[in-house]
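Some notes follow for a colleague who is opening this entry without having seen it before. They are numbered so that each can be checked against the view.

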Amino acid sequence: MIRLFLLFIFTTTLFSAEVHRDRWLNGETYLVFLEKLSLPIRSLYYNLDKDDQRLTEEMRSGVHYQILRDENNSIEQLLLPLNDELQIHIYKRHGKYKFEAIPIISTTKTEAFSAKIVSSPNYTIMKYTGSKKLAQIFTASFRNSLNFKNDIRKGDPIVMIYKQKYRLGELFSMPILQVAMVEMKHKKHYIYLNDDSRYYDEKGHEVEGFLLARPVRGARISSYFTKRRYHPVLHKWKAHLGIDYAARRGTPIVAAGSGKIIYASRMGSYGNLVKIRHADGYETRYAHMKSFRRGIRKGKYVKKGQTIGYVGTTGRSTGPHLHFELRKRGRAINPLRVVQVTTKKLKGKEKKAFLKLQKNYNESIDLHLNNQTKFKKLTPFVSKCYIHSLRSKTDETDARTKPNN
Ligand SMILES: [Zn+2]
C-alpha cells in the first residue's frame, strides 16, 4: 500500500500556499534546474539510486511542471512529469527535501469534431481546432493511402474521434486517434484504431506506419517497455523506457531502421551507446554494447538491417543484453508497437471483431457528420489557485491507491 498525495485539488479552503506552473526549458538539465531553485543537489540527485538518477534524465523541454510554495516563498513541493504515466515528486518533510517517483493521475475523455475543408486538411484542422497535434495526426494517418494534394476539394467533410488526457484541468499528452474519416469525390475513407492497438483501413488492412526491424535476431526479450511499474521489493515506482534483448556477448546488433548516426560513444549508465536519427522525428538507441562495428561513428548513414555493433554489458548492466529504445521527438515509445516486418491483413475471428468495431465507429462518424459536431475549446488555465497545505489535514488529502502493474 502506498500513499499518494492528491496534490492539486482545487478547493475553496484558503491556505496561502500557491501553485505555479512553468515550462521546462530547452536544454535544461535536472541538476541545473535544482541549482536554479537552490534545492539540495546531494539529497535530490547524488544520494539517489541509479534508477532514480536515470529518471531525472527524462525531463523534456516544453513540459509543464508545478511548484508549490509556502507563504515565505519557500518551495514545498514540485511535480515534474517524466512521461504521461510517471512524475518526479519533490517535497519537504521535517525541513528536508525528499525525492520520489509517483504515478500521474489523469483523466481521459473521448472527443470528436467534424469540419469542412477550407484548403489543406492540415490548414483546416489547425484553423478550426488550434491544435497542431490533431492536424499532424490526421495528415500522418492518411499519408500513405490518400493524395490530398490532388483529390481534396473545398467543403469536403472530415471527422476525427480521439482520446484526450487531462491533468489538473489541462490538456495533457498526445491525443490518441480512435477513428478518422475524410470524404473525397463522394467516397469516404477511414482509419480505425483496432483492439490490437494497430490502425486499419476500411478493408481491414493495416495502415503502414514507421517500420522497424528487430535489432537483435532471434533474441529473447528479457524486459519489456513500461512507463511505470511498481517494484514489489523496493516499494517504489520505476520506468523501463525500452526493450531488453538478452543475447550472447558479441551477437551482432543491427540498425532497426535507416538513418543517420548522431551518437556513437560511451554515455554513463548506457555504456557504449549508438543513437540513430530516422525520418519523422524518430530516434533509436542501442545501449550496453560490447563494441561498435568498424566505421560506425557520428555523422554516418546506415541502412535498416546493417550491423552497427555487438551485444555486451557495458555501463550499468547485469549481464549481456541490448537495451533498445525508440523515441519520437524525444518521447520514449514502445518499440514493440512499431516493430513489424509485414503489415497485417485481418482474417477470421479478428476480422469479425474488427467489422463490429467498424460498424460502431461508422455510426458515430455519421452522427458527428449530421450534427456537425464542433470542436470544444478549453477554457484558459488559471495560473494561481489555492490548495490544501500538506502540513495540515494531511489525512484528508491522502488518497490510498493500490499500485497497478
Ligand atoms: Zn533496459
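Predicted model: local features only at pLDDT ≥ 70, side-chain atom pairs only at ≥ 80, totals over all residues.

1. Strands S18 and S19 run antiparallel and are joined by 5 bridges. Within this pairing, isoleucine 276 stands opposite threonine 284 of S19. The two strands form a hairpin with 4 residues between them, and there aspartate 280 takes a positive phi near 60°.

2. S19 also pairs with strand S23 (residues 321–328), again in the antiparallel sense, over 6 bridges. Threonine 284 stands opposite leucine 326 in S23.

3. How many of the residues of S19 are buried? The count is 8 of 8, so the strand is mostly covered, buried being under 20% relative accessible area. In a regular strand the side chains alternate between the two faces of the sheet.

4. Lysine 275 deserves a look. This residue lies in strand S18 (residues 271–277). Lysine 275 is buried, yet it has no salt bridge. Its nearest side chain of opposite charge belongs to glutamate 283, 4.4 Å away; the pair does not count because a salt bridge needs the side-chain nitrogen within 4 Å of a carboxyl oxygen.

5. The surroundings of lysine 275 can be listed. Leaving aside residues up to four places away in sequence, lysine 275 touches Lys260, Ile261, Ile262, Tyr263, Met267, Glu283, Thr284 and Arg285.

6. Where is each of them found? Histidine 235 is in the loop between strand S13 (226–231) and strand S14 (236–240), whereas histidine 288 is in strand S19 (residues 282–289).

7. Is each of these histidines buried or exposed? Histidine 235 counts as exposed because its relative accessibility is 56%. Histidine 288 has a relative accessible area of 4%, so it is buried.

Conventions: Residues numbered from 1 in each chain as written. Heavy atoms only, no water. Buried < 20%, exposed > 50% of the residue type's maximum accessible area, 1.4 Å probe, protein only. Lys, Arg positive; Asp, Glu negative; His and termini not counted. Contact = heavy atoms within 4.5 Å. Pairing = 2+ DSSP bridges.
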